[in-house]
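User: Please go through this structure with me in questions and answers. I have not seen it before.

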Amino acid sequence: MPTIGFDDCVAVIRANDIGNYTVPTHGLYPFQWNWDSCLTALGQAHFDEARAWTEIDTLFANQWEDGMVPHIVFHKQDDGYFPGPEVWRTNRPTPTSGITQPPVAGFAVRRLFERAKDRSLAEERARALLPRIHAWHEWFFRCRDPQGSGLVAILHPWESGRDNAIDWDAALERVPTDGVMPFTRRDLLHADPDHRPTQAQYERYIALVQLFRGLGWKNETLHHASPFKVVDPGFNAILFRSCADLADLADELGEPTIATSARARATTGVEALEGLWSDECRQYLCFDRSIGERIDSHSVGGLLSAFAPIPAQRAADIAARIQELANVASFLVPSHDPTDHRYDGRRYWRGPTWLIVNYMIADGLSTARQKTVAERIVADSLRLIEESGFAEYYDPQTGEPCGGGRFTWTAAIAMEFLASSQGAQ
Ligand code: GLC
């Protein structure tokens, strides 16, 4: 039995709680992050349901009029992070970034709602969030899939949530860096440079921010203007799972119009995802929409697709592929294939194992009755926590803790895994 318990997780989450939002970890990430908050709420609900709803409410209070929910909300001034609001210049009442992040809110809100002990609170909060989440999903289809392919593109690597994944290398290479502002990174003050993205990557991240800022953050224009346009199967899977969950939630709340529309999006999306499947790699692959080519990169993005209601055969294929990765990694699921020469087991999203990703893959595989692999993922995750604490991410070979420490969503997901391993869902 694990020696780490709920109380240890609660302590980490409480230590990062600012009142109505939670920082991912003090120092490295001193603001509110979008998908961090949604996944954090799942942990908070184990000890304070009202606080969990507030976490998501605070995020959606900063939704843009066009429907986008930004990736960072800068509730307070903090010089310890770059790029701050003075770089984004999005002109919001509370400053925010100008890009988004994986839309996991639909999934999280449905899960909070289903498990809630306080039914009236849950109904009130879920009812208020429902149209807002739906508006965010519709924003994706309108602004990030203008041709109506069923699949949405990310316009900045940070939108994927997998910031420096090998998936983006070639596309990012093509982003011009002439005219990029001089800047000083702050992340290197808080974390080992070997665990973080490189300077060349950072220059391109900032070049894209400058480009979008120059276009006044008008979302209808950015997809066309961006030199970086990638369709990520993991990101799309999160969107389709959230659409499907939102549809079910809408049914329960007696909102048939939202239910029908969200369900249609999920169905069409999952069908379109099939076009990203690779028989040879036995996983989904990213697609570079700027040049119309598949991206040859075996990352966890193509396995995370198991989170969506994909066909049973695809879930079985992904389970088999993960089983194979267990031969070359001690702790599932590495964010990149360890046999690829570009793999780097300690550098952020170029190899390390992340508990939030494990959670979503295990959830999808377990729904698809791929229990053996799902259980192995949960067991490996709990072993990581036992051996290395609540790190931001871990080396899949050694289990070494990497990045920031005492990380909020790692603790939240640990609670979810502890609850499932104790059969106390
Ligand atoms: C990094 C991660 C991103 C996360 C953020 C805050 O940027 O790549 O997924 O949301 O940190 O934890």
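User: How far is an oxygen atom of the ligand from an N or O atom in the side chain of Trp 35?
Analyst: This is a predicted model, where local features need pLDDT of at least 70, side-chain atom pairs count only at pLDDT 80 or more, and totals for chains, interfaces and linings use all residues. Residues are numbered from 1 along each chain as its sequence is written, and side-chain values use heavy atoms, with hydrogens and water left out. A polar contact is a pair of N or O atoms within 3.5 Å. For the side chain of Trp 35 and the ligand oxygen, the distance is 3.1 Å.

User: What is the distance from an oxygen atom of the ligand to an N or O atom in the side chain of Asp 163?
Analyst: Trp 349 also has a polar side-chain atom at 2.9 Å from a ligand oxygen. For the side chain of Asp 163, the distance to an oxygen atom of the ligand is 2.7 Å.

User: How much of the ligand's exposed area does the protein bury?
Analyst: Accessible areas come from the Shrake-Rupley method with a 1.4 Å probe. Taken alone, the ligand exposes 310 Å². The part of this buried by the protein is 97%.

User: How many residues in the shell around the ligand are nonpolar?
Analyst: The residues around the ligand (a heavy atom within 4 Å) include Pro 24, Tyr 29, Gln 101, Gly 161 and Phe 407. Ala, Val, Leu, Ile, Met, Phe, Trp, Tyr, Cys and Pro count as nonpolar, Asp, Glu, Lys and Arg as charged, and the others, Gly among them, as polar. The shell has two polar and two charged residues, and its nonpolar residues number eight.

User: Why is the pair of Phe 60 and Trp 136 classed as it is?
Analyst: The structure holds 29 aromatic pairs, with ring centres (six-membered ring for Trp) within 6.5 Å; planes under 30 degrees apart count as stacked, over 60 as edge-to-face and the rest as tilted. The centres of the Phe 60 and Trp 136 rings are 6.0 Å apart and their planes lie at 75 degrees, so the pair is edge-to-face.

User: Which residue is joined to Phe 82 by a cis peptide bond?
Analyst: Most peptide bonds are trans. Here omega is about 0 degrees, and the residue joined to Phe 82 is Pro 83.

User: What is phi of Arg 282 near?
Analyst: Arg 282 is in the loop between strand E4 (277-278) and strand E5 (283-284); strands are DSSP runs (E, at least two residues), numbered from the N terminus. Most residues other than glycine have a negative phi. Arg 282 has a positive value, near 50 degrees.

How values were computed. A polar contact is a pair of N or O atoms within 3.5 Å; within protein, one must be able to donate a hydrogen and the other to accept it, and residues adjacent in sequence count only if both atoms are side-chain atoms. Helices (H or I, at least four residues) and strands (E, at least two) are DSSP runs, numbered from the N terminus.
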